[in-house]
Amino acid sequence: LTFDPATGTYRMTSHAEGRFGTFDIIPTADGYSWSIPAGRMTIEYTAHFKDGVWTETGQRVVEGQAPQPFFKMELRRIGDTSWPTAGAVSPR
């Protein structure tokens, strides 16, 4: 994730299944959104941060069809760390 001060925009490079690309990040009041053009469809991701939980969802969007959800993750912060100098927080 990077911020370009010259344009005032955020961009992210994503890697999955041997493919990668750089995409615009659109900040929202409580998170961000981003999308990937994929032929006749667009893959849209939306993230929210609330009460220490990061929730991100993904859906496939094809014109003239209802969006198809395919991804959801919820990450909860379990503690602080001084990584990388002192090691990682152990999983619970």
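Me: Are Phe23 and Trp34 buried or exposed?

Reply: Phe23 is buried, and Trp34 is too, where buried means under 20% relative accessible area, exposed over 50%, and partly exposed in between (1.4 Å probe, protein chains only). Bear in mind that this is a predicted model, where local features need pLDDT of at least 70, side-chain atom pairs count only at pLDDT 80 or more, and totals for chains, interfaces and linings use all residues. Residues are numbered from 1 along each chain as its sequence is written, and side-chain values use heavy atoms, with hydrogens and water left out.

Me: Why is the pair of Phe23 and Trp34 called tilted?

Reply: Rings of Phe, Tyr and Trp (its six-membered ring) pair if their centres lie within 6.5 Å; planes under 30 degrees apart are stacked, over 60 edge-to-face, and the rest tilted. Here the centres are 5.6 Å apart and the planes stand at 45°, so the pair is tilted.

Me: What makes this pair a tie between parts of the chain?

Reply: Phe23 sits in strand β3 and Trp34 in strand β4 (residues 31-38), so the pair ties together parts that are 11 residues apart in sequence. Strands here are DSSP runs (E, at least two residues), numbered from the N terminus. Both residues also belong to one aromatic cluster with Tyr45, Phe70 and Phe71.

Me: And why is Phe49 called partly exposed?

Reply: Its relative accessible area is 43%, so Phe49 counts as partly exposed. Trp54, at 29%, therefore gets that label too.

Key: Helices (H or I, at least four residues) and strands (E, at least two) are DSSP runs, numbered from the N terminus.
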